[in-house]
Structure formats: structure tokens, C-alpha cells
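Biologist: I have not looked at this one before. Can you walk me through it?
Modeller: Here it is.

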Amino acid sequence: MECNVKSEFGYDLLELSGEVDLQFSPQLREKILGSLKTGNPLLIDLAKVSYIDSSGIASLVEGFQTAKTSKLQYGLLNISNTAMQVLTLTRLDKIFDLYSSIDQFKQKLQ
Amino acid sequence: MTGNTQTDTAITIRNLVVDYGPRRILNDINLDIPSGQIMVIMGQSGAGKSTLLRCILGLKKPTSGSIHMLGTDIATASQKEIYKARKQIGVAFQGGALFSSMTVGENIELPLREHTNLDEKTIQIMSRIKLDMVNMLDAEHLMVAELSGGMAKRAALARAIIMDPKLLFFDEPSAGLDPSTAAELDQLIITLKISLGMTIVVVTHELDSIFKIADHIAVMKDGNIVETGTPQQISASTNPEIQGLLNRKPRETIVDTDAHLRRLTGGF
């Protein structure tokens with residue numbers, strides 16, 4: 001798993017790639033919570049994620065709750081169809097703010 | 001946890017033989033279980049289904065033969081190798097095998113606490129995700145004794161999938177359940193296959209379930225696999241053994257009454 005946070009104008013962009021599983025989800029959790037501590041809105045790009053297990057999903061959920069408590073915008077970008085099936089099964093598709101472009105997220109920030 | 005559409009083989013069983021003393025329980029079993037699909041192993045009580053399952057899970061050493069699963073020959077693997085392979089499989093036992101001194105949530109979290117170093121919050125959210133999948137989120141704090149039969153099965157399923165296993169084994173999922181609860185559980189098994197891409201092996205003799213959930217069926221009788229195929233192929237089989245199972249025919253009428261009497265009395 002690769003996990004990089006870039007500071008953009010007015011928000012952080014976390015780019016994920018590879019497999020997010022039990023081994024790497026603690027690292028993802030740390031990056032998400034670390035980014036939210038800066039007080040910036042966070043957009044997580046999942047376009048290059050080939051696999052995400054429930055520990056990865058749990059990290060995304062914890063991040064969302066943390067962002068909500070801190071009143072920060074938090075969104076997921078480019079969810080694959082297979083990851084979407086998992087979110088749908090757990091009804092998380094109704095909870096997360098899902099975006100198909102960075103511009104969409106930026107509009108939400110305005 | 002994302003799904004896959006692989007059609008390669010998840011488990012390959014070759015020439016598997018199990019003897020208990022002089023009795024042959026499994027007789028030269030050969031079976032390929034395809035990845036990402038549901039294989040139902042069916043047959044009457046005593047056909048050898050449970051023994052086959054125990055061999056696949058590494059709980060019973062076969063007399064001879066091989067079982068290749070997750071890159072390991074389970075039949076000849078060391079306990080350490082079997083333990084490693086088991087981390088990638090989930091098992092929902094017939095009786096649930098839940099710990100009665102724990103709540104439902106604690107039961108489900110147990111494998112994560114035993115096998116990972118995940119943060120407490122992550123464990124809790126993972127457990128709740130799985131409880132939600134089996135529609136038991138509200139039962140997290142219940143004790144096992146407070147669960148109905150159907151709830152215990154669903155809780156056992158949630159625990160079996162907590163580590164996102166590649167392979168899920170389910171022993172008699174519908175046994176003892178009312179038709180409506182059994183149908184719900186069948187649908188859940190299908191959903192897990194589609195959404196999570198799991199390879200699922202179900203051991204059962206419940207015909208209603210079998211034809212709802214199976215992609216492939218292996219029919220066992222007297223320690224042999226008598227036929228394998230899709231549900232359509234099995235339904236259309238002209239094999240009298242299969243038709244007997246499907247139609248639940250009673251045992252054959254006794255033709256040789258003398259021979260039968262000798263079997264009952266020992267021929268005195």
C-alpha cells in the first residue's frame with residue numbers, strides 16, 4: 001500500500017494505492033487522523049486501490065466520524081465498483097460523501 | 001474485501017482416503033472447488049461430508065491423498081503451516097461454537113484480538129460492520145444465551161468473516177431453522193459471495209438451501225463423491241443414487257429377505 005498526503009489549496013488530498021489490508025490499515029488510519037489534526041478538510045482518492053478489506057473500511061469510517069466531530073469536510077473520491085459493493089452491503093454508501101471529481105469536492109468546500 | 005471474478009481453483013483434493021481402523025470413511029475423493037463460487041457438499045448423514053470438511057480444515061489427518069488450499073497441502077502440512085492457512089479461512093460451525101461467557105460483540109472481536117495488533121477503535125468498527133452485514137447490529141451487547149437459533153447462526157457467520165477470509169466454510173447453515181430464517185441466511189451467503197468475492201463451501205443436506213445457493217454441487221454417498229456438477233446438471237442426473245437423494249426416496253425395498261435376515265441376526 002502507498003499512502004501520500006498532499007496539501008492542496010484549502011484541503012488535504014490523501015492518495016491511496018495498492019492493497020489496503022490488516023497489515024497496512026493501521027498506517028492508513030494514522031495518515032487520516034494525522035491529516036485531520038491539521039484542521040484541513042480531507043479528500044481520499046481510492047482510484048488506485050486494488051483491494052480494501054474491512055480494516056481499511058473501518059479506518060475510513062473512523063476518519064469520517066473524527067472529521068464530523070471536528071466539523072471538517074471529508075470525502076471519498078473514485079470508489080471502484082467492487083469497493084462500492086462492500087459499502088452498499090454495509091450501508092456506508094449512504095453515510096460517506098462520495099465524489100467522482102476533485103472539482104465536485106471543491107464546490108462543496110465553498 | 002472487494003470482490004473478484006476468478007474462476008481458478010481455490011481447493012484441489014486428490015485421491016483422499018480416510019480410514020478409521022478397518023472402516024474406510026472417505027474413498028479416493030477427487031474434487032476441485034472453484035474460486036469465488038459456492039460449492040455445496042451434499043449427502044445423507046454418514047456419507048462422509050463432515051469427515052471431508054474436517055480434513056480440509058486440517059482437523060483430521062487423512063490416511064492418504066492431498067488437499068491443496070492457499071498454497072499449502074493441508075494433508076501433509078505441519079501444525080504451524082495449518083495454523084497459518086487457518087488465518088485466511090472462516091468457519092461457521094453447525095452449533096455456532098460461540099463462547100457463552102461473552103457478549104455477541106466480544107465473540108466477534110475475538111479473532112481480531114487474538115491474531116492482529118489493530119487499534120481498539122478499528123476492532124470495534126470492524127465488528128460492527130460485520131454485525132450490520134448479518135443484520136445483528138442491535139444484538140452486539142446480548143449474551144449468547146439470549147440469542148435465537150437463527151441469531152446464533154448469523155453471529156457465528158459474522159465471527160467467521162471478521163478477518164475477511166478468502167475461504168468460508170459453513171456446516172449445515174439451515175439446520176434447525178424455520179423456513180423463513182433459513183431463506184434469509186441463504187440470501188446472506190449469496191450476498192457475501194457476490195459482494196466480498198469469497199469462495200464458500202457449504203456442507204448440508206437441506207435440499208431447499210442447496211438449490212438456492214449452489215454454483216456447484218458435489219454429491220457424497222458412502223464415502224464417495226458420486227457426482228459433481230451445477231445444480232441444473234445434478235437435477236437432470238439420471239443416476240439413481242442422485243435421484244434417490246433429490247426425491248428423498250425411502251431405502252430400497254428388501255429383495256433378498258434371507259440375506260437381510262442373516263445381516264440382522266448374524267446368521268444363527
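Modeller: A definition before we start: two strands pair if DSSP finds at least two bridges between them. Also, this is a predicted model.

Biologist: Fine. In which sense do β3 and β9 of chain B pair, and over how many bridges?
Modeller: Strand β3 (residues 38-42) and strand β9 (residues 216-221) of chain B run in the parallel sense, paired over 4 bridges.

Biologist: Which residue is the bridge partner of B:Ile41 in β9(B)?
Modeller: That is B:Ala218.

Biologist: What sheet do those strands sit in, and in what order?
Modeller: An open sheet of 6 strands in chain B, with the order β6-β7-β8-β3-β9-β10. Its pairing is mixed.

Biologist: Which are the edge strands?
Modeller: In chain B they are β6 (89-92) and β10 (224-229), each of which pairs on one side only.

Biologist: And how are neighbouring strands turned against each other?
Modeller: By 15 degrees on average, with direction ignored.

Biologist: What is in the loop between β9 and β10 of chain B?
Modeller: B:Asp222 is one of the residues there. It is not a glycine, yet B:Asp222 has a positive phi of about 50 degrees.

Biologist: Is B:Asp222 buried or exposed?
Modeller: Exposed, because its relative accessible area is 56% and the cut-off for exposed is over 50%.

Biologist: Switching to chain A. What is the phi of A:Arg91?
Modeller: Positive, about 60 degrees, and A:Arg91 is not a glycine either. A:Arg91 lies in the loop that runs between α3 (81-89) and β5 (97-99) of chain A.

Biologist: What does the side chain of A:Arg91 meet in a salt bridge?
Modeller: The side chain of B:Asp132, at 2.5 Å from N to O. Across the interface of chain B and chain A there are 2 salt bridges by the rule used.

Biologist: What area do the two chains bury between them?
Modeller: Chain B and chain A bury about 1,800 Å², and 66% of that is on carbon and sulfur atoms.

Biologist: How many residue pairs are in polar contact?
Modeller: The count between chain B and chain A is 4, with both residues of a pair at pLDDT 80 or more.

Definitions and conventions. Residues numbered from 1 in each chain as written. Chains lettered and ligands numbered in written order. Predicted model: local features only at pLDDT ≥ 70, side-chain atom pairs only at ≥ 80, totals over all residues. Heavy atoms only, no water. Helix = DSSP H or I, 4+ residues; strand = E, 2+ residues; numbered from the N terminus. Axes fitted to C-alpha atoms, helices over the stretch in contact; angles between N-to-C directions. Buried < 20%, exposed > 50% of the residue type's maximum accessible area, 1.4 Å probe, protein only. Buried area = accessible area lost by both parts, 1.4 Å probe. Salt bridge = Lys/Arg side-chain N within 4 Å of Asp/Glu carboxyl O. Polar contact = N/O pair within 3.5 Å; in protein donor to acceptor, adjacent residues only side chain to side chain.
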